[in-house]
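The exercises below are meant to be worked with the coordinates open. Try each task before reading its solution.

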Amino acid sequence: MTKNRISTMDGLWVITVLFFSLGFVHIGFSLLGLFCMGFPFALYLKSGEKLWCKKYCPRASLFLRILHKISLKKPLLKGFTKQNVKTGVLIYFGINVFFATMSTIMVSLGRVAPIDYVRFLIVFPIPVAFPQLLQFTISPWLLHLSYRIYSMMLTSTTIGLILGFLYVPRAWCVICPIQTLTTKKPVKIQG
Ligand code: SF4
C-alpha cells in the first residue's frame, strides 16, 4: 500500500460506519448498499481500471483505518490467494445475491413473509435488536431486501476485519468478489 493510496482513501471509512449506523435508524437506508455493489462495476466499465478499489472503497478505507496499527500481519495462509478460493467466495456471494433476489420476489408476490432481521453467512440470525429510531413504513419486499443487503454487507465486512486483523489490513481484498470480477490477472494486495 503506497502512502498516496492511503491518503486517497483516508476519510472514506466514515461512509462504512455511517452505513451500518443508519441501519439502526431505519433499515431502509441499507438500500444505499446497492450503490456500493453496483458503482465499482460502473466505474470499471467506464474507465477499464479498478478505480473503486484503488481510490474510493469505503470498506477498504475502514480496514486500513482500524487495522493498520493493530494487524498481526501474519503471513497469508498457503492457498489463500489461489484462484479456487476466490472463485469459491465469488460463488458464495453469487448464491447469496440469488437467494436475496428470489426471496424478495417471493415476498413481493405475497408468497412468503419478509425476514426482518439480520443474518450472518445467510443462515445465522444475529441476536441484536435494531431500534429503528425513525418510524416510517416501507413495503414488505423493500424491508426484506434491506435486511438482506445489510446482512451481506455486515458478513463481508466482519470477515474482512477478522482477516485484516490476522494478516494485512486489506487481506479481504484478495478474495473480494469485486476484486475477482474486475481483475484480468492476479495482483498482489499489500496492507
Ligand atoms: S477488493 Fe473489495 S474491499 Fe477491496 S477495495 Fe475493492 S471493493 Fe473494496
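Helices (H or I, at least four residues) and strands (E, at least two) are taken here as DSSP runs, numbered from the N terminus. The model is predicted, so local features need pLDDT of at least 70 and side-chain atom pairs count only at pLDDT 80 or more, while totals for chains, interfaces and linings use all residues. Residues are numbered from 1 along each chain as its sequence is written, and side-chain values use heavy atoms, with hydrogens and water left out.

**Exercise 1.** Determine where Phe20 is placed and which residues it touches beyond its sequence neighbours.

Solution. Begin with the element: Phe20 belongs to helix 2, which covers residues 13–25. Next take the accessibility, where buried means under 20% relative accessible area, exposed over 50%, and partly exposed in between (1.4 Å probe, protein chains only); Phe20 is buried because its relative accessible area is 14%. Finally list the contacts (heavy atoms within 4.5 Å): leaving aside residues up to four places away in sequence, Phe20 touches Tyr150, Met153, Leu154 and Thr157.

**Exercise 2.** Describe the shell around the ligand by residue, class and element.

Solution. First collect the residues with a heavy atom within 4 Å of the ligand: these are Trp52, Cys53, Cys57, Ala60, Arg170, Trp172, Cys173, Cys176, Ile178 and Gln179. The elements giving two or more residues to this shell are helix 4 (51–56), helix 8 (172–175) and helix 9 (177–182). Then sort by class, with Ala, Val, Leu, Ile, Met, Phe, Trp, Tyr, Cys and Pro as nonpolar, Asp, Glu, Lys and Arg as charged, and the others, Gly among them, as polar; the shell has 8 nonpolar, 1 polar and 1 charged residues.
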